[in-house]
Amino acid sequence: SMSPHLLALGAIALWATLASLGVALTHVPPFLLTGLALLVGSLPAWPRWREWRVSPAVLALGVYGLFGFHFLLFMALRLAPPVEANLVNYLWPLFIVVLAPVIVPGMRLRTRHVLAAAAGFAGAGLAILGAAAAGPQSVAGPHPALDHAWLGYALALGSALIWSTYSLATRRLSAVGTHFPTAAIGAFCVVSGVLSLACHAAFEPRTALTLQDFGLIAVLGLGPLGAAFYLWDAALKRGDPRTLGVLGYATPVASTIVLMLVTGRDFTWEIGAAIVLILGAAVVAMRER
């Protein structure tokens with residue numbers, strides 16, 4: 001069976017492409033983008049649709065995770081400066097580490113996990129702020145009035161809490177013997193995708209998409225908004241969430257590196273420092289004793 005660390009790194013590698021794909025699709029409203037991508041993301045699980053029959057509570061958990069996370073994050077990005085909102089959102093790995101003992105039976109909080117998570121967050125901060133200093137926004141959009149910014153930060157914090165509690169609840173169900181099949185993520189994607197499209201209809205202007213847009217949305221749906229969720233789920237069911245949380249910090253750094261390669265920007269000292277901090281944090285977290 002696959003190592004949980006490899007499965008998690010697979011998900012993280014896919015999430016790392018999200019910002020770059022997002023840059024190519026900045027003209028597509030976020031709820032439309034997410035709704036279509038999540039529907040595409042459900043496709044790999046269609047052959048196993050019989051495994052989608054889960055209890056309403058499990059379906060609610062999945063929709064809370066996939067839809068709730070994106071909903072709050074996109075609302076946050078409308079209200080707060082995107083770089084800072086993104087940084088607040090990257091508290092999710094720290095929350096996974098700190099909340100693991102609260103949510104998952106038989107888990108204790110160890111000092112090394114907390115130190116590793118703190119170092120990871122420092123690395124994520126350097127990566128995101130370094131990317132901002134290096135040039136134009138990775139998330140294009142007007143700078144909102146700052147009097148709404150605090151609400152944006154609160155929503156970004158909420159999205160981080162949703163992703164971490166969703167991840168830990170997945171692990172908890174597995175630990176107490178009521179886990180759902182990973183194929184059921186397909187059902188989460190369908191319901192979340194439909195809800196996102198409903199939000200598009202409610203909040204966003206009508207948008208015409210080109211053939212190239214559909215191609216990129218398909219890539220988004222099969223990768224960071226599809227396969228990544230199945231891989232993350234499989235990793236959580238097999239691995240220690242405290243370690244996986246710290247590994248999660250590779251996401252903003254990898255994302256920034258991919259963005260720099262795609263946009264032809266120079267590497268900065270911040271990115272170098274971020275890589276060192278996050279690799280160090282991961283090594284500390286993955287030590288067995």
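How many helices and strands does the secondary structure of the chain come to? The legends below begin with that point.

**Figure 1. The whole chain in a predicted model.** The chain has 13 helices and zero strands. Read from the N terminus, its elements run α-α-α-α-α-α-α-α-α-α-α-α-α. The chain is as compact as a globular protein of its length, because its radius of gyration of 18 Å is close to the 19 Å that the globule rule gives for 289 residues. Along the principal axes, the C-alpha atoms fill a box of roughly 50 × 50 × 35 Å.

**Figure 2. Confidence along the chain and the stretch 137-144.** Mean pLDDT for the chain is 87, and 93% of the residues reach 70 or more. Residues 137-144 have pLDDT below 50, although the model gives this stretch 14 contacts beyond near neighbours in sequence. Where pLDDT is low, predicted coordinates should not be read in detail.

**Figure 3. Thr 243 in helix 11.** Helix 11 covers residues 241-247 and includes Thr 243. Is Thr 243 buried or exposed? Thr 243 is buried, because its relative accessibility is 6%, and buried means under 20%. Apart from neighbours within four places in sequence, Thr 243 contacts His 5, His 113, Ala 285 and Met 286.

Figure 4. Among contacts with a separation of 6 or more, 90% join residues 24 or more positions apart.

Key. Residues numbered from 1 in each chain as written. Predicted model: local features only at pLDDT ≥ 70, side-chain atom pairs only at ≥ 80, totals over all residues. Heavy atoms only, no water. Helix = DSSP H or I, 4+ residues; strand = E, 2+ residues; numbered from the N terminus. Buried < 20%, exposed > 50% of the residue type's maximum accessible area, 1.4 Å probe, protein only. Contact = heavy atoms within 4.5 Å. pLDDT = per-residue confidence, 0-100. Rg over C-alpha atoms; globule rule 2.2 N^0.38 Å.
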